[in-house]
Amino acid sequence: MDTTSFVKKTIGGVQQVEPALTPPPVNPSLPQKPKLDAGKTKTRKRDIPEGLWTKCPSCATMIFDKELDENLQVCPKCQHHFPIGSRERIHSLVETCSFEEMDAAMTSVDVLNFKGVATYKSKLDAYSKKSTLKDAVVTGVAKIGVHRVALGVMDFQFLGGSMGSVVGEKLTRLIERGTTGGLPVIIISTSGGARMYEGMFSLMQMAKTSAALAYHAQARLPYLSVLTHPTTAGVMASYASLGDLILAEPKAMIGFAGPRVIKDTTQAELPPGFQTSEFLLDHGLIDAIIPRQEMKEKLVTYLDFLTTQKTKPAT
Ligand SMILES: [Zn+2]
């Protein structure tokens with residue numbers, strides 16, 4: 001069977017001469033979709049003009065982009081939460097002009113001189129250009145309602161929100177600022193886990209951030225962890241799951257290892273939807289599910305409650 005014929009026919013009718021070494025498709029019974037513009041693939045906007053409408057992947061409604069922006073990237077019809085960048089998130093939570101960013105210029109170093117399919121250095125350059133971020137977390141002190149807080153917001157756009165030395169160091173400094181300044185800490189997580197380009201150095205961040213949070217807890221200051229889609233692996237196994245309150249956005253994927261790994265290891269059938277916010281709320285891992293539009297108001301309520309025994313900051 002000529003397994004390459006599927007590919008040949010679909011590329012605009014142009015006859016492609018495949019080299020003899022072309023590997024066959026993984027599943028020869030299904031034609032493989034040709035990658036026409038692999039570098040710029042944006043699946044949810046592929047069929048529609050850029051910057052006007054977005055199709056909701058959950059309910060298939062076409063949403064006017066302006067309306068989506070105004071609704072904090074939440075589908076007005078089915079409440080599907082689209083990913084949101086760290087800057088937009090901060091804007092949606094803090095009082096206007098109150099955010100003082102910390103360590104804005106800190107950038108990752110290729111300490112292992114990592115070379116794979118692509119070098120770590122080239123990945124860092126590409127992602128900082130594409131996302132206009134320096135790394136996968138933005139930290140700073142801000143006011144939410146009447147409360148001054150130390151706020152860290154992760155960004156999935158930068159290398160899948162992976163935690164390397166910079167993410168760990170920025171968050172540790174943020175937590176330490178909270179401890180010395182008597183401030184509550186809020187960290188909004190989204191991450192694929194530790195950044196493997198940094199090997200052990202990324203794994204060490206789990207212990208470092210957790211230790212900083214232990215000192216923060218000793219000072220009897222509140223830490224609120226907010227989990228957004230997706231929060232997994234090393235981040236979930238360290239600071240994201242250490243909150244005095246652990247909150248989540250609806251239908252976020254939250255877990256440590258992927259379902260296939262867990263199934264192979266435990267040799268057990270896994271319950272449906274076991275890595276979602278809703279399942280984890282039912283089983284006690286998280287304390288509340290809060291839609292994005294209500295997040296600021298709820299954070300203020302929780303901070304009011306958790307800081308009533310302390311002197312409230314002057315308004
Ligand atoms: Zn929808």
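A residue counts as buried when its relative accessible area is under 20%, as exposed when it is over 50%, and as partly exposed in between. With that in hand, welcome to this structure, which is a predicted model.

| Residue | Relative accessible area | Class |
|---|---|---|
| Cys 56 | 2% | buried |
| Cys 75 | 0% | buried |
| Ser 225 | 0% | buried |
| Phe 201 | 34% | partly exposed |

Let us start with the cysteines. Cys 56 is buried because its 2% falls under the 20% cut-off, and Cys 75 is buried at 0%. A search of the whole structure turns up 0 disulfides.

Ser 225 sits in strand 7. Beyond its neighbours within four places in sequence, Ser 225 touches Ile 187, Tyr 239, Ala 240, Gly 243, Leu 245, Ile 246 and Leu 247.

Which residues of helix 3 are buried? In this helix, residues 86-93, they are Ser 86, Arg 89, Ile 90, Ser 92 and Leu 93. Viewed down the helix axis, these buried residues fall within an arc of 160°, so they line one face of helix 3. In general, an α-helix has 3.6 residues a turn, so residues three or four places apart point the same way.

Finally, the surface. Phe 201, in helix 6 (residues 199-218), is partly exposed at 34%. Phe 201 belongs to a nonpolar surface patch of about 770 Å², made together with Val 109, Val 111, Leu 112, Met 196, Met 200, Leu 203 and Met 204.

How values were computed: Residues are numbered from 1 along each chain as its sequence is written. This is a predicted model: local features need pLDDT of at least 70, side-chain atom pairs count only at pLDDT 80 or more; totals for chains, interfaces and linings use all residues. Side-chain values use heavy atoms; hydrogens and water are left out. Buried means under 20% relative accessible area, exposed over 50%, partly exposed in between (1.4 Å probe, protein chains only). Helices (H or I, at least four residues) and strands (E, at least two) are DSSP runs, numbered from the N terminus. The arc is that of the directions from the helix axis to the C-beta atoms. A disulfide is a pair of cysteine sulfur atoms within 2.5 Å. Patches are made of residues with over 30% relative accessible area and no salt bridge: like charges are joined within 9 Å, nonpolar side chains (Val, Leu, Ile, Met, Phe, Trp, Tyr) within 5 Å. Accessible areas come from the Shrake-Rupley method with a 1.4 Å probe; for residues, only the protein chains shown count as cover. A salt bridge is a side-chain nitrogen of Lys or Arg within 4 Å of a carboxyl oxygen of Asp or Glu. Contact means heavy atoms within 4.5 Å.
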